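Please examine the structure shown below together with its sequence.

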Amino acid sequence: MEVNEKRYDDMIYRRCGHSGILLPAISLGLWHNFGSVDVFDHFIRIAHTAFDKGITHFDLANNYGPEYGSAEENFGRILKKGLGNYRDELIISSKAGYDMWPGPYGNWGSRKYLTASLDQSLKRMGLDYVDIFYSHRPDPSTPIEETMGALIDIVRQGKALYVGISNYNDEETKAALSVLKDHKVHCLIHQSKYSLFERWVEPRLLPLLEDEGVGLIAFSPLAQGLLTNKYLNGIPDNSRAAKPSGHLQKNQVTEEVVTKVRRLNDIAISRGQTLAEMALAWLLKDERVTSVLVGASSVEQLLDNLKALKHLPFAEEELSAIERVLL
Ligand SMILES: NC(=O)c1ccc[n+]([C@@H]2O[C@H](COP(=O)([O-])OP(=O)(O)OC[C@H]3O[C@@H](n4cnc5c(N)ncnc54)[C@H](OP(=O)(O)O)[C@@H]3O)[C@@H](O)[C@H]2O)c1
């Protein structure tokens with residue numbers, strides 16, 4: 001594998017909360033487009049392009065695919081074919097918390113599930129450790145001490161270097177951080193859905209994470225593709241909304257949404273950006289957002305998304321125009 005010697009020149013790196021870790025402002029997620037239904041030659045090019053452009057962080061989970069586990073298997077193949085030679089330049093994350101295997105021990109937040117699942121993930125990727133291991137979602141039926149206790153022990157065993165939580169609201173986050181603090185394990189990062197269309201983190205979670213020195217990585221920053229120019233004129237055949245395996249449903253592409261997207265697209269054009277670029281820049285204007293975690297079904301999309309970094313600041317009038325669209 002040949003790599004770009006200048007790969008770190010154009011990327012912006014941000015410190016992840018109060019920690020020693022810098023993350024690229026744009027990270028790559030493997031939820032879609034890297035499964036057994038996808039084409040290896042195609043997605044290995046996406047991964048290599050990402051690395052060549054300074055994207056050091058690759059985000060996975062046990063059940064990414066489809067089929068479950070296949071994104072991790074495929075990422076393991078990508079590592080074996082050369083990217084793994086750069087293991088010390090990579091931040092690789094995985095998670096457990098959603099449905100993974102049948103029976104009572106393959107879902108939610110028990111010590112039994114988290115521990116077994118990470119062991120499986122490590123095998124699939126051919127790794128000795130992941131950099132970040134997440135509890136993928138809070139489990140209302142399992143004591144938070146048990147879920148966090150599993151993460152703490154996983155770190156102590158060296159199977160993960162850092163702990164993260166995902167989809168925890170502010171109250172759940174406080175409870176999780178309190179247990180971690182009691183055991184002197186720092187929570188590196190919170191992974192939350194955050195985009196122009198999904199702003200629940202703004203009032204309470206972002207200030208809490210800042211106070212606690214926890215980074216925030218925003219997932220689905222393009223609302224699964226809605227916040228791009230892709231759905232302006234209907235649903236293209238090769239899009240996530242059209243694919244049976246895609247999590248974006250056709251009925252989410254409503255006239256109301258598309259009208260907003262058109263108006264946002266006009267603002268993006270007036271800034272000299274694509275809508276995808278503007279949607280990412282809009283998140284990154286807030287320094288508390290450590291990284292935006294994009295998906296990409298092509299190298300071209302990834303390159304477009306990277307261009308967001310060329311123009312991050314917003315004029316007051318642009319921000320107000322965006323707010324008027326989102327009202
Ligand atoms: N923690 C959690 O619970 C959770 C949940 C969801 C996601 N995540 C993480 O976040 C990552 C990203 O999520 P996501 O895939 O929903 O992110 P996203 O960036 O909002 O959506 C990615 C999709 O948008 C389209 N796209 C991307 N760039 C484009 C561009 N420049 N122009 C036109 N279309 C573009 C592509 O859709 P097409 O395929 O239609 O081309 C692509 O597959 C996941 O891979 C995963 O790592 C975490």
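The model is a predicted one. Around its ligand stand 30 residues, of which Gly 29, Trp 31, Gly 225, Thr 228 and Gly 295 are the closest. Two elements, strand S10 (289-294) and helix H9 (299-306), each give two or more residues to this shell. The largest share, three residues, is that of H9. Sorted by class, the shell consists of 16 polar, ten nonpolar and four charged residues.

Attention may now turn to Ile 91, which belongs to strand S5 (residues 91-96). Is Ile 91 buried or exposed? Ile 91 counts as buried because it has 23 C-beta neighbours inside 10 Å, the threshold being 20 or more. Beyond the neighbours within four places in sequence, Ile 91 is in contact with Leu 23, Thr 56, His 57, Asp 131 and Ile 132. Ile 21 lies 70 residues from Ile 91 in sequence, yet their C-alpha atoms are 9.3 Å apart in space.

Helix H7 (residues 255-270) comprises 16 residues and reaches 23 Å from first C-alpha to last, close to the expected 22 Å. Its buried residues are Val 261, Leu 264, Asn 265, Ile 267 and Ala 268. Viewed down the axis of H7, these residues fall within an arc of 160°, and therefore they line one face of the helix. The cover over them includes helix H8 (275-284) and helix H10 (316-326). On the other side of H7, the residues Glu 255, Glu 256, Thr 259, Asp 266 and Ser 270 are exposed. After H7 comes Gly 272, with a positive phi near 80°.

Definitions and conventions:
Residues numbered from 1 in each chain as written. Predicted model: local features only at pLDDT ≥ 70, side-chain atom pairs only at ≥ 80, totals over all residues. Near = placed C-beta within 6 Å. Helix = DSSP H or I, 4+ residues; strand = E, 2+ residues; numbered from the N terminus. Nonpolar A, V, L, I, M, F, W, Y, C, P; charged D, E, K, R; others polar. Buried ≥ 20, exposed ≤ 12 C-beta atoms within 10 Å, placed from the backbone. Contact = placed C-beta atoms within 7 Å. Expected span 1.5 Å × (residues − 1). Arc of directions from axis to C-beta.
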